[in-house]
Amino acid sequence: AGAQQKPPENPPAKTKQSIKIAPPHVSLSPRFSPGQVFRYEMEFETTTSTSRSGLVTDREGPSTLVITWDATIRLEVLPAEAHAPGGVRLRTTYEKSTANVRSDTFEPAAAATQEQYQKLEGKVVEFTLDAGGKVISVSGLAEIVDGEKAVQAAREWIAQLDAGSGTPPGGVAIGKTWSSEQPAESLPFAGMVWRTESEYLRNEVCHPPNPEGAPAPSNAESSGSPESGETCAVILTHLNLVRPKPVRNATPEEYRKNGVQTAGKWDGSAQSLSYISLRTGLVVSVTQTGTEEMDVTLTTAQHGSLRYAGTILSRSQVALVANDAHGK
């Protein structure tokens, strides 16, 4: 009877096969602390092909404008402000900022656009991030540049450092997906949002090969940052411009106040690949490409109209090239 009650020494093969080990969850948020200093190199390029008709007509037809912005930025972590517990203050110094503007037709504003970017060199801007890593305030930028494109580019690069934003509480594991939405407030249509869908693809050694056509940062390999052999989470992100729900009036309130109605369409999509250090949560590199297509008609109360149509192609690369945890 005792022999019959004794459990078998080896469990059935089926029981062994049913045991699965869940992949570990990790946090992809940067672990900032006051006194840390980082240095990033970046390149942003936009190619805008547009045509106008109506109140203003392009005499030479559709034109193409290419803006390439190269910058090296020193990033210093400051103590959080008392009214923003859990948040982070980042002081950025533009150690280098150069731009090249090219057009296939005469572009009277090209020199001014190039100057706006170059004005950033040597300047200091402070960003305040909330506990979730979102930029909630910027100081110093308006005093430096007033060109819309330059201001937008300066704000967008800091968002590249938040590649792990929107992840579920408790972190994510390989194979997991998540999504978030950000209002597209600058468009001439109401109710549009940028929907972001991300996937944790795999873990890989940091400093991945550069995508075709994207130049490697000049001193990325010699800087010693991140540490040799360090492991990064590889995150693939898709962005799409959508309107989640119908709106009664597609014209934004700001346009209506000025007696202007908007009509037409604006489509956009982008894809980015991010490498995030599992040790520090810092973005090591981000490469992104995107496309926007628009065909917009603005009509005034006097029934005058302006039609604006074209495409915008964008490419960007941000890479961590040095860091100094002690702020030296």
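## Core packing and aromatic pairs

In this predicted model, Ile235 makes contacts beyond its neighbours within four places in sequence with Leu28, Trp178, Ser198, Glu199, Tyr200, Ser272, Leu273, Ser274 and Ile276. The largest nonpolar core has 34 residues, and Ile235 is one of those that touch the most other members, together with Leu28, Phe38, Tyr40, Met42 and Trp69. At least two residues of this core come from each of strand 1 (37-54), strand 2 (63-78), strand 3 (88-103), helix 3 (110-118), strand 4 (124-129), strand 8 (231-242), strand 10 (283-300) and strand 11 (305-324). Strand 2 provides the largest share, with 7 residues. Apart from this core lies another, of 9 residues, including Met192, Trp266, Val296 and Ile312.

The whole structure contains 4 aromatic pairs. Two of them involve Trp69, as tabulated here.

| Pair | Centre to centre | Angle between planes | Geometry |
|---|---|---|---|
| Trp69 and Tyr94 | 6.5 Å | 35° | tilted |
| Trp69 and Tyr117 | 5.7 Å | 45° | tilted |

The pair of Trp69 in strand 2 and Tyr94 in strand 3 links parts of the chain 25 residues apart. Tyr117 lies in helix 3 and Trp69 in strand 2, so their pair ties together parts 48 residues apart in sequence. Trp69 is buried, at 1% relative accessibility, as are Tyr94, at 0%, and Tyr117, at 5%. Ring pairs join Phe44, Trp69, Tyr94 and Tyr117 into a cluster.

The highest mean, 95, belongs to strand 8, and the lowest, 50, to helix 1 (residues 2-5). Over residues 209-224 pLDDT stays under 50, and the model has 24 contacts beyond four places in sequence for this segment.

Methods. Residues are numbered from 1 along each chain as its sequence is written. This is a predicted model: local features need pLDDT of at least 70, side-chain atom pairs count only at pLDDT 80 or more; totals for chains, interfaces and linings use all residues. Side-chain values use heavy atoms; hydrogens and water are left out. A nonpolar core is a set of buried Ala, Val, Leu, Ile, Met, Phe, Trp, Tyr and Cys residues joined through side-chain atoms within 4.5 Å. Buried means under 20% relative accessible area, exposed over 50%, partly exposed in between (1.4 Å probe, protein chains only). Helices (H or I, at least four residues) and strands (E, at least two) are DSSP runs, numbered from the N terminus. Contact means heavy atoms within 4.5 Å. pLDDT is the predictor's confidence in each residue, from 0 to 100. Rings of Phe, Tyr and Trp (its six-membered ring) pair if their centres lie within 6.5 Å; planes under 30 degrees apart count as stacked, over 60 as edge-to-face and the rest as tilted.
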